[in-house]
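Thanks for making the time this morning. I would like to walk through one model with you, going site by site.

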Amino acid sequence: MYRPLVLVVEEHLHNLELLNSYLKKIKIACICAKQGVKAIILAQTQKPDLILLDMMVSDLSGSQVINYLKQDTKTAKIPIIAVLPFILVQNQDYLFLTGAEEYITKPYNFNYLNSLIYRHLNLLNSSS
């Protein structure tokens, strides 16, 4: 049985474990990265169906990660959901300029996260 694969890019171990556990609970396979460079490499080699990207990773900015992924033909079509602290959502226009398809805030609203994940996975299934 096919299980969608999500790449979670999150600098903080607690949030990484939280998302990993949640995705397993809803039967979605997960690969994780704590740095932007590792996220780019995993996206290129594992070709996930979706990326949850913490925009506050330390080695590269979230926008740099998105830029690299969107310029690479192997990863350009992977949808990206940007993850931001709640206090930064005033600048949501900036997110769409960087290439993220959606955004979600921390702390996580798991009902909303679930709907975003399945919306993008359904779009992928309907286009293939």
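**A buried aspartate, a helix pair and a loop lysine**

Asp 54 is buried, with a relative accessible area of 1%, where buried means under 20% and exposed over 50%, with partly exposed in between, for a 1.4 Å probe and protein chains only. Please keep in mind that this is a predicted model, in which local features need pLDDT of at least 70 and side-chain atom pairs count only at pLDDT 80 or more, while totals for chains, interfaces and linings use all residues. Residues are numbered from 1 along each chain as its sequence is written, and side-chain values use heavy atoms, with hydrogens and water left out.

Asp 54 belongs to strand S3, residues 50-54, strands being DSSP runs of E of at least two residues and helices runs of H or I of at least four, numbered from the N terminus. Setting aside neighbours within four places in sequence, Asp 54 is in contact with Val 9, Glu 10, Glu 11, Val 83 and Lys 106, contact meaning heavy atoms within 4.5 Å.

Turning to the helices, the axes of H2 (residues 36-46) and H3 (residues 62-71) come within 10 Å and cross at roughly 20°, the axes being lines fitted to C-alpha atoms over the stretch in contact, with angles from 0 to 180 degrees between N-to-C directions. On the H2 side the contact is made by Gly 36, Ile 40 and Ala 43, and on the H3 side by Val 65, Tyr 68 and Leu 69.

Finally, Lys 77, in the loop between H3 and strand S4 (80-85), is exposed, with a relative accessible area of 78%.
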